[in-house]
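Here is a short report on one helix pair and the nonpolar cores of a model. The sequence and structure come first.

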Amino acid sequence: MAYFVVTGASSGIGEAMCEVLAREGHSLILVARRQSLLETLKERMEKYAGCQVVVMPMDLSNPDEVCRLYEACLAYDVIGLVNNAGYGLYGEFLELDISDEFNMIDLNIKSVHYLSKLFLRRFVAQDRGYLLNVASTAAFQSGPLMASYYASKGYVLQLTEAITKELEAKGSSVVVSALCPGPVDTGFQQRAKIKVAKSAMKVPTAHEVAKYAYYEWMKGKTLIIPGYSNRVLLFLNRLIPRKLGCQIVYQTQLKKK
């Protein structure tokens, strides 16, 4: 029986990806810090989707836990990994607590990097597998007042695109994709301690993002950007000077205080 591993599975896009994967007939390995939430999700998935679900509560900001997760997964036929665990921090770079930033970097960058390497070696060896790294539209721009978060997502995006090219050159059948959603209706803003900015555009639900991402991922698309408006904005972003783009982001972030 083949499994998909989903990190950050207890809420938001991670939880929604679990629902989509389960309904498409995939078995799941759920990973997040809070076991109680994972157990609740497991019960729901098994009841309504009829899939096999394994719960692995772990804190992936700890490198030892990253290794422990991979080793635990060796007992299963894993063919897919969704690197979704991550969070953001809001505030001026000089004011943010460095331990908080390092914890975020450990989760947003180091765990994604390490898990990608570990699982891809396995996928490439078996010439079968799917890797989805969750970045953000923030990956395309510097982000004053969320500088570390934007930078972390830029790392994830560029790492993923480079890996994809390397595997293409090898003729590998393994699919590697980066998901870059814009604002999504999740608990992200609460953890980052920011207000939800008012917008004329409809903010998609996590399920809408996950459903779109799944089908694009299965098609083998490298860069997945949910929402036509997000794709247009990112195209326009290429046409303006980076300094102006940075100023626009700064003014937007000021409204979130």
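Predicted model: local features only at pLDDT ≥ 70, side-chain atom pairs only at ≥ 80, totals over all residues.

From α3 come Val66, Cys67, Leu69, Tyr70 and Cys73. They meet Ser111, Tyr114, Leu115, Leu118, Phe119 and Arg122 of α4. By type, the residues of this contact are nine nonpolar, one polar and one charged.

The geometry of the pair is as follows. Helix α3 spans residues 63–73, and helix α4 spans residues 98–126. Their axes come within 10 Å and cross at roughly 25°. Angles under 35 degrees count as roughly parallel, and α3 and α4 are therefore roughly parallel to each other. The crossing is right-handed.

Next, the nonpolar cores. In soluble globular proteins, nonpolar side chains tend to be buried together. Here the largest nonpolar core has 37 residues. Ile29 and Phe119 have the most contacts inside this core. The top contributor is α4, with seven residues.

A second core is separate and has 33 residues, among them Val6, Ala16, Leu30 and Val184.

| Core | Size | Named residues |
|---|---|---|
| Largest nonpolar core | 37 residues | Ile29 and Phe119, with the most contacts inside it |
| Second, separate core | 33 residues | including Val6, Ala16, Leu30 and Val184 |

Which residues does phenylalanine 119 contact, leaving aside its neighbours within four places in sequence? Phe119 is in contact with Val5, Tyr70, Cys73, Val78 and Leu81. Of these, Tyr70 and Cys73 belong to the α3 side of the helix contact.

Definitions and conventions: Residues numbered from 1 in each chain as written. Heavy atoms only, no water. Axes fitted to C-alpha atoms, helices over the stretch in contact; angles between N-to-C directions. Helix = DSSP H or I, 4+ residues; strand = E, 2+ residues; numbered from the N terminus. Parallel < 35°, antiparallel > 145°, perpendicular 65-115°, else oblique. Left-handed = near helix turned anticlockwise from the far one by under 90°. Contact = heavy atoms within 4.5 Å. Nonpolar A, V, L, I, M, F, W, Y, C, P; charged D, E, K, R; others polar. Core = buried A, V, L, I, M, F, W, Y, C linked by side-chain atoms within 4.5 Å. Buried < 20%, exposed > 50% of the residue type's maximum accessible area, 1.4 Å probe, protein only.
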